[in-house]
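Please look through the points below with the model open. They go from the fold of one chain to its contacts.

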There are 2 protein chains.
Amino acid sequence: MTKTIRVLEACCRPVTARVFDQTEADELATMFKALADPARLRLLSMVASSPEREVCACDLVEPSGRSQPTVSHHMSVLVDAGLVTREKRGKWAWYRVVPERLDLLRAVLAPG
Amino acid sequence: MTKTIRVLEACCRPVTARVFDQTEADELATMFKALADPARLRLLSMVASSPEREVCACDLVEPSGRSQPTVSHHMSVLVDAGLVTREKRGKWAWYRVVPERLDLLRAVLAPG
DNA sequence: CCAATCGATCGACGAATGTCAATATATGCT
DNA sequence: AGCATATATTGACATTCGTCGATCGATTGG
């Protein structure tokens with residue numbers, strides 16, 4: 001489950017620029033896969049739209065309508081994809097989005 | 001398999017703007033899910049990076065390294081998500097990307 | 001018409017995924 | 001130390017997904 005976040009070499013070159021090689025496609029697929037579930041998208045939007053730009057895991061369970069283990073699992077998927085970071089402070093886990101990673105995906109989807 | 005492409009109401013409001021509601025999350029997840037597979041990403045990049053901006057299905061099978069039914073399936077997923085269009089001309093099927101749909105996803109990923 | 005070709009659909013199968021209850025781990029409080 | 005709380009991990013299960021071989025439908029050329 002814990003996956004190392006590799007750095008995309010051909011970072012930011014749009015899909016219109018060339019055919020993705022296998023490695024590149026694999027890595028991008030991991031990131032898009034993290035966004036490919038409604039529950040995770042809602043969790044991500046909770047973190048991203050938070051005024052403080054960070055959210056405690058304890059504030060995600062009830063609004064998401066999922067069990068605590070399920071939320072923990074989904075957040076791990078987002079962390080593994082590099083889209084959010086997790087910081088443990090005392091008993092609590094705090095999440096933040098990683099804007100550079102969203103930018104990377106935006107660049108990939110950019111028009112030619 | 002054939003899914004109607006609904007139009008996103010809250011189109012283009014970024015993830016940083018508010019918490020996605022269920023319907024919105026479902027629809028966005030469908031689009032991201034279409035991008036969440038390496039084979040499909042490569043197929044999409046083949047279409048998107050084509051000089052003529054369109055590609056015949058017959059030119060996708062061999063380079064993708066998948067069987068003809070598998071390619072057809074993947075292209076259907078992309079079409080159903082609204083990311084590409086399929087036009088049947090004679091015996092051949094021609095695919096084009098839908099830039100507006102990529103723009104929509106880029107807008108969703110835009111920073112606050 | 002018949003044969004050939006292109007692409008979509010069907011059926012099957014193993015692999016991956018989303019989910020939760022139960023349990024484990026870690027931290028803080030008294 | 002002992003207990004309560006917050007989160008992660010494990011194990012199980014049903015569902016979805018990616019894949020291919022076989023087949024079907026449509027179009028074209030002789």
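In what order do the elements of chain A run from the N terminus on? The order is α-α-β-α-α-β-β-α.

1. Basis. This is a predicted model, in which local features need pLDDT of at least 70 and side-chain atom pairs count only at pLDDT 80 or more, while totals for chains, interfaces and linings use all residues. Residues are numbered from 1 along each chain as its sequence is written, and chains are lettered from A and ligands numbered from 1 in the order in which they are written.

2. Composition of chain A. Five helices and three strands make up its secondary structure. Helices (H or I, at least four residues) and strands (E, at least two) are DSSP runs, numbered from the N terminus.

3. Sheet. The three strands of chain A form an open sheet in the order β1-β3-β2, with antiparallel pairing; two strands pair if DSSP finds at least two bridges between them. β1 (55–56) and β2 (84–89) of chain A are the edge strands, each pairing on one side only. β2(A) is joined to β3 (residues 92–97) of chain A by six bridges, and the two run antiparallel. In β3(A), A:R96 stands opposite A:T85.

4. Helix on the sheet. Helix α2 (residues 38–48) of chain A packs on the sheet and touches β1, β2 and β3 of chain A. Its direction makes about 90° with that of β3(A); axes are lines fitted to C-alpha atoms, for helices over the stretch in contact, and angles run from 0 to 180 degrees between N-to-C directions. Contact between two residues means C-beta atoms, placed from the backbone, within 7 Å.

5. Extent. The C-alpha atoms of chain A fill a box of roughly 45 × 30 × 25 Å, taken along the principal axes. Among contacts in chain A between residues at least 6 apart in sequence, 58% join residues at least 24 apart.

6. Contact of chains A and B. Chain A and chain B each give 31 residues to the contact. On the side of chain B that touches chain A, α1 (22–34), α2 (38–48) and α5 (99–108) of chain B each supply at least two residues.

7. DNA strand D. There are 24 residues around DNA strand D, and A:C58, A:P69, A:S72, B:T70 and B:G90 come nearest; a residue is near if its C-beta atom, placed from the backbone, lies within 6 Å. Two or more residues each come from α4 (68–80) and β3 of chain A and from α4 (68–80) of chain B. α4(A) gives the largest share, six residues.
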